[in-house]
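Please look at the sequence and the structure before reading on.

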Amino acid sequence: MTMGVTYAVTTLLDVNAVQDVNYRAESRTYIVADRDTGKAVIIDASIEHVDRDLKFVKELDLTLAFAVETHIHADHITGASMIKDLTGAHIVYGGGVVGIVSGADIFLHDGQELRFGKTAMRALATLGHTDSCTSYVLPGAVFTGDCLLIRGNGRTDFQDGSAEKLFDSVRTKLFALPDETIVYPGHDYTGRVSSTIREEKKFNERLNLGVDKHTFVAIMNGRKITRPAKMDIALPANMNAGRMILDEQRSNRRNMASSSQTSVIESFDS
Ligand code: FE
């Protein structure tokens, strides 16, 4: 155990049932557990994988205090409301989605902390991928959602995204964290689990310290990327913390695993 670190991170890979090379849907879910008390948070849970995630929570003998979201996802539906129903965990979104998201228990504004046991996780408003993205900072680690990815960054062409804001978020906020801070992204399409701020300053394709803002903005605004295939389902569902889809599933008496609504969420989110 690293000296002074009060928590443990479990990384979970969310691969879509229909994932293929053209429709990559993998996103990441993290369980952060306070070592002392077993109180835990789950970050960016996907509705398709709630059973798996809660199995890990049980195995590790943890108590889920919070289901936390980095942003309103366009590629998958959040499992936050389902987790709340099954565990009593409170739903947490960043402060940027006040008035946009319903069904959240807590909005964590820039600089505010979420405490579970001896561990405190701080919200960092990192706009750009969407206009309401939040990263979450622990001593020695940061969950960057789709703002900063490993060697890359989230797309900025919808949900009021902004290449200018993303550049500033990364350079002035994320790159201001200690170099050894471990970066846990919202997606990775190459199989990597984590990076560090030091690595990204040096090796990030578009955001390394050698790239200026003008160049970055020109690159981002010139990109042509496929829209996430199920964006029209995912966005309204996630603006209700995933509750809408949950209600629909219940009324249809569908089995989660066979639900066509949730098993075909394709994405290309970066
Ligand atoms: Fe995203």
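Setting aside neighbours within four places in sequence, Ala-40 is in contact with Ile-31, Val-32, Ala-33, Asp-34, Val-57, Leu-62, Thr-63, Leu-64, Ala-65 and Phe-116. The model is a predicted one.

Ala-40 is in strand S3, where it points the other way from Lys-39, Val-41 and Ile-43. Ile-42 points to the side that Ala-40 does. In a regular strand the side chains alternate between the two faces of the sheet. Is S3 mostly covered or mostly uncovered? S3, residues 39-43, is mostly covered, with five of its five residues buried.

Ala-40 also belongs to the largest nonpolar core, which has 65 residues. The members that touch the most other members are Val-32, Ala-40, Val-41, Ile-42, Leu-64, Ala-67 and Ile-83.

### Strand partners

S3 belongs to an open sheet of six strands in the order S1-S2-S3-S4-S5-S6, with mixed pairing. Strand S1 (7-14) and strand S6 (106-108) are the edge strands, and each of them pairs on one side only. From one strand to the next, the twist averages 25 degrees.

| Strands | Sense | Bridges |
|---|---|---|
| S2 (residues 27-34) and S3 | antiparallel | four bridges |
| S3 and S4 (residues 63-68) | parallel | five bridges |
| S4 and S5 (residues 90-94) | parallel | three bridges |

Single residue pairs can be found in each case. Ile-31 stands opposite Ile-42 in S3, and Ile-43 has Val-68 in S4 as its bridge partner. Ala-67 stands opposite Ile-91 in S5.

### Helices on the sheet

Helix H1 packs on the sheet and touches S1, S2, S3 and S4. The direction of H1 makes about 20 degrees with that of S2. Helix H2, residues 80-87, also packs on the sheet, where it touches S3, S4 and S5. The direction of H2 makes about 160 degrees with that of S4.

How many residues lie between the strands in the hairpin of S2 and S3? There are four, and in this hairpin Gly-38 takes a positive phi near 75 degrees.

Note on methods
Residues numbered from 1 in each chain as written. Predicted model: local features only at pLDDT ≥ 70, side-chain atom pairs only at ≥ 80, totals over all residues. Buried ≥ 20, exposed ≤ 12 C-beta atoms within 10 Å, placed from the backbone. Helix = DSSP H or I, 4+ residues; strand = E, 2+ residues; numbered from the N terminus. Pairing = 2+ DSSP bridges. Core = buried A, V, L, I, M, F, W, Y, C linked by C-beta atoms within 7 Å. Contact = placed C-beta atoms within 7 Å. Axes fitted to C-alpha atoms, helices over the stretch in contact; angles between N-to-C directions.
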